[in-house]
Amino acid sequence: MNQSSKRNALIENILIMMLMSFSIIVFCSTFFPVTRISLFFAQELEMKRITERITSLVFIVMSYNLMQRRRAAWYITTFLLLASLIQHIIPPTIWVSWLFAAIDLLVLLALFLFRGDFCCPSAHESIRKSLLYLIAAAAAILLNSGVSYHLLKMAMAGSKPGYVFLHSLSDSLGILFGALDIDTQGLPGAKFENYMFWFTWACMLAALFYALRPFIARHLWTKRNMQRAKTLVLKYGQNPASYLTLEDDKYLYFSRCAEGVIAYGVVGSTVLVNGDPICAPEDFQAVLGEFKDFCVRSSHKLIFLSITDTYLDIYQELGFGTAKCGEEARFDLSDYNIAGKKGAKMRMNVNHATKCGLTVFEYRPLEKREPAIEAAFQNITDDWLSGKKSSELTFTLGTVGLDDPMDKRYFYAADSNGEIKGFHVFCPFACGQGYMADITRRTRDAPSGITEKINYEAFHIFKEEGYRCASLGLAPLANLCQATDANSVEKVLNFVYEHLNSCYGFKNLYHTKASYSPTEWIPGYYAFLPKFPSPSMMYAIVRIQNKGGIRDFARAFLTGGDKPSI
């Protein structure tokens with residue numbers, strides 16, 4: 001950014017902050033009684049004062065979005081300032097009106113002069129929703145005007161000649177936008193008018209909310225792009241989550257400065273990435289910096305989920321805040337075994353499953369399709385889903401993917417009667433040198449130990465084939481505050497781990513993974529921009545993984561039911 005651009009940005013920000021400050025002053029002033037204290041609560045209910053509060057809050061929100069250089073905020077603020085300017089000077093009242101008119105005019109001139117800087121567009125689908133809410137608001141205004149006109153004509157019975165529908169429409173708009181201070185108490189249809197007032201404003205605020213959602217390019221998902229991404233994943237995908245780049249619930253961003261790909265999703269104005277950017281180690285900083293600029297230019301916040309510590313210093317160097325988010329159970333297959341005291345629990349579970357008659361097989365759909373096996377997998381999935389009281393995990397977990405298995409490996413356990421009781425799906429990671437257990441499903445009547453037996457048998461097959469490592473994935477929020485230098489985000493996440501197990505079984509999941517006696521625990525991290533994540537960013541982490549969002553966690557917390565996945 002050159003000196004001229006920096007100077008323009010500084011001027012813009014000063015005027016935007018001035019607009020925000022005066023909006024806050026106006027909002028606070030509407031709570032001051034204009035008469036005696038005894039009339040305070042009556043004043044609280046006046047529509048004009050409520051309108052002033054709503055419009056001042058709108059200006060505060062617009063000021064924040066102007067700071068983000070959003071184009072929709074420029075249009076909306078310009079319109080509102082013009083309306084405010086006209087209201088303050090026609091007719092002029094006291095000196096305060098002239099003061100506010102001067103501020104309106106000053107900010108209007110600045111917005112006009114620097115209009116080219118407000119270039120962040122709105123999301124196309126959000127604009128459509130915004131228009132629908134505006135149509136609903138317009139319909140409510142017309143309905144309210146028509147009903148008021150009809151009731152007033154009946155009540156006045158001709159005592160107000162020349163009163164037409166346009167007068168009623170003008171009054172409705174005046175009350176709605178605070179231009180008129182009419183006491184509707186006692187008038188015909190007063191309750192209906194109050195309902196319409198609130199409904200109209202609710203629709204208009206919803207329209208504003210959707211209009212301000214920023215646009216970000218969603219790159220086309222094509223077979224060619226998928227093949228290009230797959231090549232990069234197998235060549236450079238060191239993170240256990242790298243292979244999930246190929247799931248079609250994500251958008252693909254291919255770097256222009258180097259050979260690299262990033263798979264992302266969008267929740268509101270937050271972009272989320274599962275795992276690290278996938279590229280050569282020497283290109284990592286350039287690819288990450290390019291994607292950061294891609295998000296900043298479109299006024300989006302940015303979160304990387306489940307990154308490893310391999311490039312943690314580069315994230316921090318580029319201005320990201322980081323926080324530990326759990327630990328991954330990693331296995332060195334060259335010496336993996338369950339002998340001795342350390343593997344006693346795992347050995348007991350595997351032996352129990354074997355005594356129950358379970359045998360593990362690998363299904364290779366690319367060599368030969370078996371409709372009966374695939375039907376059994378689907379039945380197990382249906383049974384598993386029917387037993388859950390929450391939505392299915394997405395984004396950070398893959399799909400079974402039998403329609404296009406690619407490099408996934410499938411292992412299942414069948415009982416002595418040949419009935420399949422559970423199956424696991426493994427995805428390659430560590431640049432093709434290992435496999436991660438991505439999906440683990442079983443029937444509700446499956447013998448205990450089935451999950452351990454499938455993993456144990458699969459690990460041995462991987463070992464015999466020469467693979468170096470295996471992973472059970474991340475145990476969310478595990479061991480966050482072992483060090484004394486835990487940051488504030490880690491302390492909050494640790495509180496969730498310690499006290500909200502009724503919402504999600506964090507501790508149970510960690511202890512289950514620990515029972516496999518992993519060779520090492522690899523720390524996983526979040527990286528976020530800005531450095532201190534907002535509540536909307538934390539919500540986005542939950543929402544992108546669980547379609548039920550906060551509702552599932554609230555239901556689990558209140559009912560003690562099945563824990564939702566995250």
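**Salt bridges in close-up**

**View 1. Lys408 and Glu247 form a salt bridge whose closest N and O atoms are 2.8 Å apart.** A salt bridge here is a side-chain nitrogen of Lys or Arg within 4 Å of a carboxyl oxygen of Asp or Glu. The pair joins distant parts of the chain, 161 residues apart. Lys408 lies in the loop between helix H13 (371-386) and strand S8 (409-414), and Glu247 in the loop between helix H9 (223-236) and strand S1 (251-254). Helices (H or I, at least four residues) and strands (E, at least two) are DSSP runs, numbered from the N terminus. Both Lys408 and Glu247 are buried; buried means under 20% relative accessible area, exposed over 50%, and partly exposed in between (1.4 Å probe, protein chains only). This is a predicted model, in which local features need pLDDT of at least 70, side-chain atom pairs count only at pLDDT 80 or more, and totals for chains, interfaces and linings use all residues. Residues are numbered from 1 along each chain as its sequence is written, and side-chain values use heavy atoms, with hydrogens and water left out.

**View 2. Glu328 is paired with Arg330 in a salt bridge.** The closest N and O atoms are 2.5 Å apart. Glu328 counts as buried because its relative accessibility is 5%. Arg330 is also buried, at 13%.

**View 3. A salt bridge connects Glu374 and Arg369.** Their closest N and O atoms are 2.5 Å apart. Glu374 is buried, with a relative accessible area of 18%, whereas Arg369 is partly exposed at 40%.

**View 4. A network of salt bridges links Glu362, Arg364, Glu367, Arg409 and Glu465.** The structure as a whole holds 18 salt bridges.
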